[in-house]
Amino acid sequence: ERLRDLPLDVELAQHVVAAWDFSRGIATVKVTDISGNRHHGRTINLPTRAMTGWNWDSSDFDFRSKPDHYGAIHFHDDDLYDCGWRTDFSFEVPDGLKSGIYCAQIWQKDAQGNKTEDFVPFFVRPPRGTATAPLALLIPTASYLAYANHQMVSSWWFEELSSCKFATMSEADRYLEEHESFGLSVYDEHNDGSGVCYSSHLRPILNMRPKTDLWQFNADTHLTDWLEKLRIAYDVITDDDLHAEGVECLRPYRCVMTGTHPEYYTKQMLDALQAYTNGGGRLMYMGANGFYWRIAYHPGLPGVIEHRRAEDGMRAWFSEAGENFMSFTGEMSGLWARNGRPPNMLVGNAFAAQGFVSAVPYHRTDASRDPRAAFIFEGLGDEPIGDFGTVGGGAAGWEIDRADTRLGTPPHALIVAAATDFPDSYHWVNEEMNHTHSAVNGDTNPRVRCDMMFFETPNGGAVFSTGSISYGGSLAHNGYKNNVSRLTENVVKRFVDPTPF
């Protein structure tokens with residue numbers, strides 16, 4: 001009882017070797033000794049901080065307001081920030097190398113002489129402050145980190161229940177199951193059952209590289225493949241660049257194209273994209289379920305993000321009461337919509353439903369006849385758009401977005417095409433559900449729909465949204481000669497044209 005009360009009384013203080021107060025320096029790796037003996041320490045591998053302590057009484061939910069109520073650190077045997085491995089080889093990017101996605105190909109022979117290979121991706125941007133093309137492809141590296149080394153395929157909450165299909169494990173999935181030393185994703189739980197809040201790229205990331213699941217990195221190669229085949233000039237920039245440099249990272253470009261699933265965003269990144277479109281930039285949102293979760297980068301440690309599953313959303317785990325604020329920055333985590341910034345305000349669309357069995361085509365709407373949208377459909381007729389594709393067999397699917405003016409979709413936005421005939425394996429997002437009821441699935445719920453959208457922004461800018469993760473998987477159909485490819489090329493050509501909208 002006497003040890004618990006601070007400051008320590010004089011009689012007791014002389015017998016205390018150290019008194020570590022975990023509520024101090026929460027945003028750092030420092031552990032402070034308040035005994036006066038200066039036995040300070042530091043944490044290794046980012047155990048979880050800003051966690052409620054023994055005396056938390058629910059009187060405040062922000063650790064910055066009552067830090068003494070957050071005197072707990074959760075140490076896990078599967079925490080990992082930096083493997084600390086020795087460098088086997090290095091590669092200096094030569095001057096003049098074209099901006100893009102590259103891989104280091106590595107291989108070895110096993111004891112039986114069988115050759116195994118692997119690919120380690122890296123991204124080459126143009127020299128800072130310059131551009132070599134009018135179009136930039138914004139690689140969602142923050143979202144790659146969120147999914148890095150995930151073990152969702154065998155989790156209790158996701159695969160068969162959510163996707164309505166049997167779970168199948170890739171070689172990378174099986175290897176990660178057997179080797180937990182590579183660390184986890186923010187979709188996983190620690191061995192004590194608590195959710196993983198941190199993810200780092202200072203470790204091998206086995207599922208964000210070629211020949212693994214068609215998700216995130218591999219899905220984004222549909223876009224780079226299409227850009228290369230059509231010889232559309234582009235530069236590559238990343239979320240890390242966007243967070244560090246803000247809108248200045250985007251200013252050299254007339255048009256910015258997102259990846260297929262830019263799900264995890266910091267405030268700095270979201271502010272930069274909004275400033276870019278407000279300033280006349282053109283944004284092509286090439287996926288779905290984007291700008292959904294709020295995250296933070298550590299202000300001092302490189303290569304690590306934090307995320308808390310606060311309050312609502314399609315979640316892998318729930319943050320415990322009082323633990324919704326991020327230890328790195330003190331910001332409230334969770335959905336951007338719950339933080340007052342619904343994705344609709346930036347790109348018109350927001351996450352509506354998910355289903356992983358099949359995908360369907362879009363159909364043109366009356367709004368597609370508006371002269372403002374004529375450039376989008378040049379050379380196209382009234383046939384279904386994308387009744388083909390390598391991702392579910394259609395251009396609209398897997399995860400899909402929908403317009404909603406109540407959440408910030410601009411009233412002048414044109415929904416130029418829509419997909420609505422989704423099967424009951426598509427599940428409506430729970431954050432829009434006041435209570436559970438029978439009309440929650442694709443075949444009965446009018447809110448399970450996918451909207452393709454266009455609208456103008458201030459100062460001559462514009463936004464085009466596909467509203468679908470599977471959209472990119474339709475670009476290469478029939479040797480790139482198809483209506484999804486033509487429509488996308490029409491948008492790119494107009495969006496890089498300096499003529500103001």
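Student: Before anything else, what counts as a helix or a strand here?
Tutor: Both are runs assigned by DSSP: a helix is H or I over at least four residues, and a strand is E over at least two. They are numbered from the N terminus. Keep in mind that the model is predicted.

Student: OK, then where is F291?
Tutor: F291 sits in the loop between β13 (282-285) and β14 (293-294).

Student: And what is its phi near?
Tutor: Phi of F291 is near 55 degrees, which is a positive value in a residue other than glycine.

Student: Is F291 buried or exposed?
Tutor: F291 counts as buried, because its relative accessibility is 1%. The cut-off for buried is under 20%.

Student: What about N45, what is phi there?
Tutor: N45 is not glycine, and its phi is positive, near 65 degrees. N45 is in the loop between β3 (41-42) and β4 (48-51). With 24% relative accessibility, N45 counts as partly exposed.

Student: Switching to charges. How many salt bridges does a search of the whole structure find?
Tutor: The search finds 23 salt bridges.

Student: Give me one in a helix. Which residue does R174 pair with?
Tutor: R174 forms a salt bridge with E178, and their closest N and O atoms are 3.2 Å apart. Both residues are in helix α4. They are four residues apart there, so about one helical turn separates them. R174 is partly exposed, at a relative accessible area of 39%.

Student: Which residues are linked in a network of salt bridges?
Tutor: R125, R128, D241 and E245 are linked in one.

Student: How accessible are E189 and E180?
Tutor: E189 counts as partly exposed at 35% relative accessibility. E180 is partly exposed as well, with a relative accessible area of 38%.

Student: How far is E180 from L80, going by C-alpha atoms?
Tutor: The C-alpha atoms of E180 and L80 are separated by 9.9 Å, although the two residues are 100 residues apart along the chain.

Student: And E383 and G473, what separates their C-alpha atoms?
Tutor: There the separation is 19 Å, for residues 90 apart along the chain. E383 lies in the loop between β19 (363-364) and β20 (396-403). E383 counts as partly exposed, at 35% relative accessibility.

Student: Which residues form the nonpolar patch on the surface?
Tutor: F89, I106 and V120 form it, and together they have about 250 Å² of accessible area. V120 is in strand β7, residues 115-124. V120 is partly exposed, with a relative accessible area of 33%.

Student: Last topic, cysteines. How many disulfides does a search of the whole structure find?
Tutor: The search finds zero disulfides. C197, for instance, is in no disulfide, and the nearest cysteine sulfur, that of C83, is 20 Å away. The cut-off for a disulfide is a pair of cysteine sulfur atoms within 2.5 Å.

Student: Is C197 buried or exposed?
Tutor: C197 is buried, with a relative accessible area of 4%. C450 counts as buried too, at 0% relative accessibility.

Notes
Residues numbered from 1 in each chain as written. Predicted model: local features only at pLDDT ≥ 70, side-chain atom pairs only at ≥ 80, totals over all residues. Heavy atoms only, no water. Buried < 20%, exposed > 50% of the residue type's maximum accessible area, 1.4 Å probe, protein only. Patch = residues over 30% accessible without salt bridge, like charges linked within 9 Å, V, L, I, M, F, W, Y side chains within 5 Å. Areas by Shrake-Rupley, 256 points an atom, 1.4 Å probe, with all protein chains shown as cover. Salt bridge = Lys/Arg side-chain N within 4 Å of Asp/Glu carboxyl O.
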